[in-house]
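Subject: Structure for you to look through

Dear colleague,

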Amino acid sequence: MKTAFLFPGQGSQKPDILSSLLAQESDAGYLSYLTEQILQKSISEIDSSEGLFSTVNVQVNLLIAGVLSAKQLLARGVTADFVAGHSVGAFAAAVVSEVITFQEAVSLVHHRAQLMEKAFPAHYGMAALLGFTENRLIPYLKDHNSRHTPVYLSNINASDQLVVTGKIDSISILINELEKAGIRKTKLLDVKVPSHCELMTSVSQSLKQQIEQLTLKSPVIPFASNVTGRLLKTADAIGKDLWQSISSPVKWYDATTLIYELGTRIFIEMEPSGVLAKLAAEAFPEAEILNMDSKQIDQITVLWNNYQHK
């Protein structure tokens with residue numbers, strides 16, 4: 001029974017996650033030191049409710065939480081056949097797959113988030129749309145964009161769960177149009193930048209230059225692509241995916257469907273867990289879905305071992 005580690009992206013953040021994870025990690029002091037040297041701020045600053053108003057703090061927070069969660073599982077013998085990271089979660093997946101080091105990932109994510117925040121300091125965001133397929137949404141987007149500031153399709157999370165991005169006022173107009181058309185549910189997300197669309201092309205190119213200066217290693221675990229929804233098995237392909245995904249829609253549904261078809265029947269979402277686990281449970285009802293919780297790590301380990309013998 002194959003296992004996939006899932007690493008959540010922006011919008012999943014919760015305060016005080018890191019303090020709980022670091023309290024149980026033997027390398028906590030070293031990891032905290034590395035992070036604080038790069039960020040020039042304390043871990044507590046990026047783990048507080050106030051700190052998480054910053055895009056930079058959120059993205060670094062999610063990276064650290066994802067890596068620490070996976071380290072705890074791996075230390076107990078819980079292994080992964082595939083890794084998949086949603087948006088910024090891909091950097092944690094790349095660390096666990098040993099393509100980049102933790103220190104390199106913190107530097108990359110910090111740079112990525114700073115550029116995103118600087119490029120779009122206000123008035124932009126993202127919204128989740130439930131109940132429309134991609135094919136049904138596209139005509140509405142085209143019509144809307146012919147009359148208003150463009151809104152972009154940024155995430156395909158499930159067959160009928162999409163995310164759009166752009167200026168908040170234009171997104172609000174689109175939502176009103178979709179509600180009239182009978183969409184089931186819409187929700188503005190806790191994301192303050194227009195991720196995964198052409199507005200981020202300059203950020204993508206800047207990150208490309210930084211990644212190309214690194215010596216990437218071949219992955220020890222196959223890595224599911226955000227950009228293509230396919231499996232990536234070379235360092236160069238994963239490096240390209242990390243910089244390209246900022247300005248390309250996230251094909252999460254394609255990626256997770258592929259690894260399910262390849263035999264994955266256990267999906268474990270790293271901290272802060274919940275969003276990706278829910279998507280997996282709805283898409284793959286026959287699979288076992290586990291939410292990583294550092295306070296219940298022993299129970300998760302027992303469950304995983306039991307599933308291996310089914």
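A residue is called exposed when its relative accessible area is over 50%, buried when that area is under 20%, and partly exposed in between. Please keep in mind throughout that this is a predicted model.

With those words in hand, let us begin with helix 8, which covers residues 168-180. On one side of this helix, Asp169 and Lys180 are exposed, whereas the buried residues of helix 8 are Ser170, Ile171, Leu174, Ile175, Glu177 and Leu178. Seen down the axis of helix 8, these buried residues fall within an arc of 165 degrees, so they line one face of the helix. An α-helix has 3.6 residues a turn, so residues three or four places apart point the same way. What do the buried residues of helix 8 pack against? Their partners are helix 7 (134-145) together with strand 3, strand 4, strand 5 and strand 6. As for its length, helix 8 has 13 residues and reaches 19 Å from its first C-alpha to its last, which is close to the 18 Å expected at 1.5 Å a residue. Just after the helix comes Gly182, with a positive phi of about 95 degrees.

Helix 4 deserves a look of its own, and Ser69 is a residue that lies in it. Is Ser69 buried or exposed? Ser69 is buried, with a relative accessible area of 0%. Leaving aside residues up to four places away in sequence, Ser69 touches Leu21, Met270, Glu271 and Met292.

The largest pocket has a volume of about 710 Å³, and of the 30 residues that line it, Ala128, Asn157, Gln161, Leu189 and Val275 are the closest to its centre. Helix 12 (275-283) is one of the elements that supply at least two residues of this lining, and strand 3 (124-130) and strand 4 (151-158) are also among them. Helix 12 gives the most, with five residues. By class, the lining of the largest pocket holds 11 nonpolar, 12 polar and seven charged residues.

The second largest pocket contains about 370 Å³ of space, and 17 residues line it, with Val95, Glu98, Ile100, Thr101 and Phe102 nearest its centre. Helix 4 supplies the largest share of this lining, three residues, while helix 2 (28-39), helix 5 (89-96) and helix 6 (102-119) are among the elements that each supply at least two. Its lining divides into 10 nonpolar, two polar and five charged residues.

With best wishes

Conventions:
Residues are numbered from 1 along each chain as its sequence is written. This is a predicted model: local features need pLDDT of at least 70, side-chain atom pairs count only at pLDDT 80 or more; totals for chains, interfaces and linings use all residues. Side-chain values use heavy atoms; hydrogens and water are left out. On a 1 Å grid over the protein atoms alone, a cavity is a set of points where a 1.4 Å probe fits but cannot get out, and a pocket is an open set with protein on both sides within 12 Å along at least five of seven lines; lining residues have an atom within 4 Å of a point. Grid points are joined across faces, edges and corners, and a volume is the space filled by probe spheres set on the points. Helices (H or I, at least four residues) and strands (E, at least two) are DSSP runs, numbered from the N terminus. Ala, Val, Leu, Ile, Met, Phe, Trp, Tyr, Cys and Pro count as nonpolar, Asp, Glu, Lys and Arg as charged, and the others, Gly among them, as polar. The expected span of a helix is 1.5 Å times one less than its number of residues. Buried means under 20% relative accessible area, exposed over 50%, partly exposed in between (1.4 Å probe, protein chains only). The arc is that of the directions from the helix axis to the C-beta atoms. Contact means heavy atoms within 4.5 Å.
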